[in-house]
Amino acid sequence: MQVVSVINYKGGVGKTTLTANLGAELARRGQHVLLIDLDPQSSLTFCFYHPDEWRAELRGGQTIKRWFDSIKDGIPSVTLGEQVVYPRPVNAALPDGSGRLGLIASHLGLIDVDFELARRIGGIEQKFDPALFRMRGALADALHDESFAEFDWIFIDCPPSFNVVTQSAIIASDHIVIPAKADYLSTLGIEYLYGNVQELVERHNEHSLKHAKMRHSRIEPNIAGVVFTMIQFRNGSPISALQNYINQVRGLGIPVFSTYMRENNTLFAGSVPRGVPAVLRERVTSQINIELRTLASEFLNTIHAEGAAA
Ligand SMILES: Nc1ncnc2c1ncn2[C@@H]1O[C@H](COP(=O)(O)OP(=O)(O)O)[C@@H](O)[C@H]1O
Ligand SMILES: [Mg+2]
C-alpha cells in the first residue's frame with residue numbers, strides 16, 4: 001500500500017481534479033484505490049456523490065469528520081475503516097475485472113474540527129506538545145490498520161492550507177504530489193510549501209525519537225513532484241509565459257512531472273457533479289484521456305523508481 005497526499009496551499013489549482021482522475025485511472029488498471037477527502041469544501045466527495053445523495057446517505061453517517069470527531073476526545077468510538085464507501089456510478093463505470101474505487105467522504109463541518117484542534121493546540125508549538133503529536137500521527141496510525149491492507153493506493157486530497165489536518169496527511173504519506181498553476185505566486189508558494197514539508201517531517205522525527213521513544217517510526221515522505229495544471233498549449237508545448245514558470249520551479253531543484261494537465265474548460269469547468277471522472281467518461285482516443293493516462297504512467301514510473309532507489 002502506498003499513501004499519496006495531493007497538496008497545495010492554494011485552492012483552485014486542480015488538486016481535486018487530479019486526485020479523482022488519477023485514482024479512477026489506477027482503478028481502471030486493476031488497482032484497489034481509496035480516495036480520502038480531507039477538504040471541508042468536499043469537492044472530491046461531490047465528484048462522486050450528488051449533494052442530495054450525500055445528505056441522505058453520508059452526512060450523518062460515514063465521513064472523515066465522524067472519525068476526527070471521535071478521535072479528538074481520545075476515546076475513538078468509530079474506526080477510520082468504517083468510513084469507507086464505494087460510490088456506485090464510478091465503480092459501475094470501471095470495466096469488468098478491474099479494481100475498485102473507495103472513498104472516505106468529507107463534510108463541511110470538518111472546518112470546525114480544524115478550528116477546535118487549533119484552539120486546543122494553541123498555535124505553532126515551540127516545544128513538544130503531546131496533543132499535537134498525537135493528532136498529527138492519528139491518520140498514519142489509522143491507515144496502518146489491517147482494514148486498509150486491501151488497498152494498493154490511498155490518495156489524500158488535502159485542504160488548501162497547512163493546518164493540522166493537512167499535517168496529519170503529510171505524516172501519513174509515502175509520497176507527495178503538488179498540483180500547481182504556472183504563475184508567479186504559485187512558483188513562490190511551491191518553494192514555501194516544500195520548505196514547510198521538510199520542516200514538519202524533521203520535527204516529527206525528532207519528537208518521535210526523543211519524546212515518544214518511537215525508534216522505528218521515522219517518516220520520509222518523498223516529494224514525487226509538481227504537476228502543472230491548466231496549461232495552455234501552442235504547437236504542442238506550453239505557451240512561453242507558462243514555460244518560464246515551469247523552468248523556474250525546475251531550477252529550484254524541485255521535481256516536476258513532464259506530463260502537464262491541459263486547460264480544458266469544456267471538460268472541467270462545469271460544476272455539475274457527474275459521478276464519473278473524465279478519464280473514465282471520455283473517449284479513449286481523446287487528447288485529454290491520452291494525457292491523463294500518460295500522467296498516470298509517469299506517476300507510477302516515478303514512484304517505482306523511488307522504491308527501487310530506497
Ligand atoms: N485542466 C483544467 N482545465 C480547466 N479547468 C480545470 C482543470 N482542472 C480543474 N479545473 C477546474 O478548476 C476548478 C478548480 O479545480 P479543483 O480540482 O477543484 O482545484 P482544487 O482542488 O485545487 O481547489 C474546478 O472548477 C475544476 O473543474
Ligand atoms: Mg479541492
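**View 1. Polar contacts of ligand 1 with Gly14, Thr16 and Arg262 in a predicted model.** A backbone N or O atom of Gly14 is placed 2.9 Å from an oxygen atom of ligand 1, a polar contact being a pair of N or O atoms within 3.5 Å, where within protein one must be able to donate a hydrogen and the other to accept it, and residues adjacent in sequence count only if both atoms are side-chain atoms. At Thr16, a polar side-chain atom lies 2.8 Å from an oxygen atom of the ligand, whereas at Arg262 a polar backbone atom is 2.7 Å from a nitrogen atom of ligand 1. Of the 560 Å² of accessible area that ligand 1 has on its own, the protein covers 79% (Shrake-Rupley method with a 1.4 Å probe; for residues, only the protein chains shown count as cover).

**View 2. The shell of residues around ligand 1.** Among the 13 residues around ligand 1, those that come nearest are Gly12, Thr16, Thr17, Arg262 and Phe268, a residue being near when one of its heavy atoms lies within 4 Å. Helix 1 contributes the largest share of this shell, three residues (helices are DSSP runs of H or I with at least four residues, and strands are runs of E with at least two, numbered from the N terminus). By class, the shell holds three nonpolar, seven polar and three charged residues, where Ala, Val, Leu, Ile, Met, Phe, Trp, Tyr, Cys and Pro count as nonpolar, Asp, Glu, Lys and Arg as charged, and the others, Gly among them, as polar.

View 3. With a relative accessible area of 42%, Arg55 is partly exposed (buried means under 20%, exposed over 50%, and partly exposed in between, with a 1.4 Å probe and protein chains only). The C-alpha atoms of Arg55 and His107 are separated by 9.8 Å, although these residues stand 52 residues apart along the chain.

**Notes to the views.** Residues are numbered from 1 along each chain as its sequence is written, while chains are lettered from A and ligands numbered from 1 in the order in which they are written. In this predicted model, local features need pLDDT of at least 70, side-chain atom pairs count only at pLDDT 80 or more, and totals for chains, interfaces and linings use all residues, while side-chain values use heavy atoms, with hydrogens and water left out.
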